[in-house]
Amino acid sequence: MEIGDILIPALFQRYGYVDEGPYEWGDVRIARDDVVFDCGANLGVFTVLAAYRGAEVFAFEPIPEARTILRETLKLNPAFADRVHVIPCALGDEEKTAEFTILEDTLVGSSMVLPQTGRKMRVPVTTVDAFVEAEGLDAVNFIKADIEGAERQMLAGAGDTLRNYTPKIAICTYHLADDPLVIANLLRNADPRYQLISRWKKMYGVVPSKR
């Protein structure tokens, strides 16, 4: 539970890698046969969890070094690795290329939005809607997103998907000061039925009929 997001860092006096906690809360749960978008898959922790639960996972990860480790993670879990599709793209509000900053000594926190210092890399960007159309998907059941300030752009490029499929949402809201307000408005503009709950660093959303 997300109480661990508070207690664990407080005990160890470190808010770095251990303060993220789960991406499930209340009715926002991975179900067997869900189509899951892991936006910002990084090394594959959430991807593997979703695949283990029986979901089909589209793991979006634009950083090559992170994808290499993600694929190694999948090799360690061969029983369900075939449920995972690794997508070498970032997600935004339009199809383009964008400059990412890769932080020194870590693959965590790379961003195409936040002002950062580090190695620069240009990567392809697509939108959720464009990807859904290109793949011919007839459902998206769960969207998890931790993409370092680009969460609002991703949702802006997912309007049709949100309206048509009302996926469960687990999204980080701590990168930009107005993230909670902007992200809530984007979700409710797509479908006013979204019931949203904000926790310490995330927002969870579900449409009641999808429970």
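**Entry 1: ground rules**

I am working on a predicted model, where local features need pLDDT of at least 70 and side-chain atom pairs count only at pLDDT 80 or more, while totals for chains, interfaces and linings use all residues. I number residues from 1 along each chain as its sequence is written, and side-chain values use heavy atoms, with hydrogens and water left out.

**Entry 2: the chain as a whole**

I find seven helices and 10 strands in the chain. Both are DSSP runs numbered from the N terminus: H or I over at least four residues for helices, E over at least two for strands. Of the 211 residues, 53% are buried. I get an accessible surface of about 10,200 Å² for the chain, and carbon and sulfur atoms hold 53% of it. The areas come from the Shrake-Rupley method with a 1.4 Å probe; for residues, only the protein chains shown count as cover. I also looked at contacts (heavy atoms within 4.5 Å). Among those with a separation of 6 or more, 65% are between residues 24 or more positions apart.

**Entry 3: the rings around F131**

I paired rings of Phe, Tyr and Trp (its six-membered ring) when their centres lie within 6.5 Å; planes under 30 degrees apart count as stacked, over 60 as edge-to-face and the rest as tilted. By this rule the count is nine aromatic pairs. F37 and F131 make an edge-to-face pair, at 5.8 Å centre to centre and 80° between the planes. F37 belongs to strand β1 and F131 to helix α4, so this pair ties together parts 94 residues apart in sequence. F37 counts as buried because its relative accessibility is 0%.

F58 and F131 are edge-to-face as well, with 5.5 Å between centres and 75° between planes. This pair also links distant parts of the chain, F58 being in strand β2 and F131 in helix α4, 73 residues apart. F58 has 3% relative accessibility and therefore counts as buried. I note that ring pairs join F37, F58, F60 and F131 into a cluster.

**Entry 4: the cores**

I took a nonpolar core to be a set of buried Ala, Val, Leu, Ile, Met, Phe, Trp, Tyr and Cys residues joined through side-chain atoms within 4.5 Å. The largest one has 30 residues, and F37, C39, F58, M154, L162, I171 and L187 have the most contacts inside it. Elements that each supply at least two of its residues include β1 (35-39), β2 (56-60), α4 (128-135) and α7 (179-190). The largest share, four residues, comes from α7. I listed the contacts of L162, leaving aside neighbours within four places in sequence: L155, P167, I169, L187, A190 and Y194. A second, separate core has 24 residues, among them A50, L70, F80 and A170.

I located F80 in the loop between α3 and β3. F80 counts as buried because its relative accessibility is 11%. Apart from neighbours within four places in sequence, F80 is in contact with V48, A51 and Y52. R53 is 27 residues from F80 in sequence, with 9.1 Å from C-alpha to C-alpha.

In α2 (residues 45-52) I find F46, T47, V48, A50 and A51 buried. The buried residues of α2 pack against β1, β2, α3 (64-75), β3 and β7. G54 follows α2 and has a positive phi, near 100°.

**Entry 5: the sheet**

I traced an open sheet of seven strands in the order β3-β2-β1-β7-β8-β10-β9, with mixed pairing. Two strands pair if DSSP finds at least two bridges between them. β3 (84-87) and β9 (195-198) are the edge strands with a single partner each, so one side of each has no neighbour in the sheet. The twist from one strand to the next averages 15°. β9 and β10 (residues 202-206) run antiparallel and are joined by four bridges. L196 has G205 in β10 as its bridge partner.

For directions I used lines fitted to C-alpha atoms, for helices over the stretch in contact, with angles from 0 to 180 degrees between N-to-C directions. α4 packs on the sheet, touching β1, β2 and β3, and its direction makes about 140° with that of β1. α7 lies across β8, β9 and β10 and runs at about 15° to β10.

Definitions and conventions. Buried means under 20% relative accessible area, exposed over 50%, partly exposed in between (1.4 Å probe, protein chains only).
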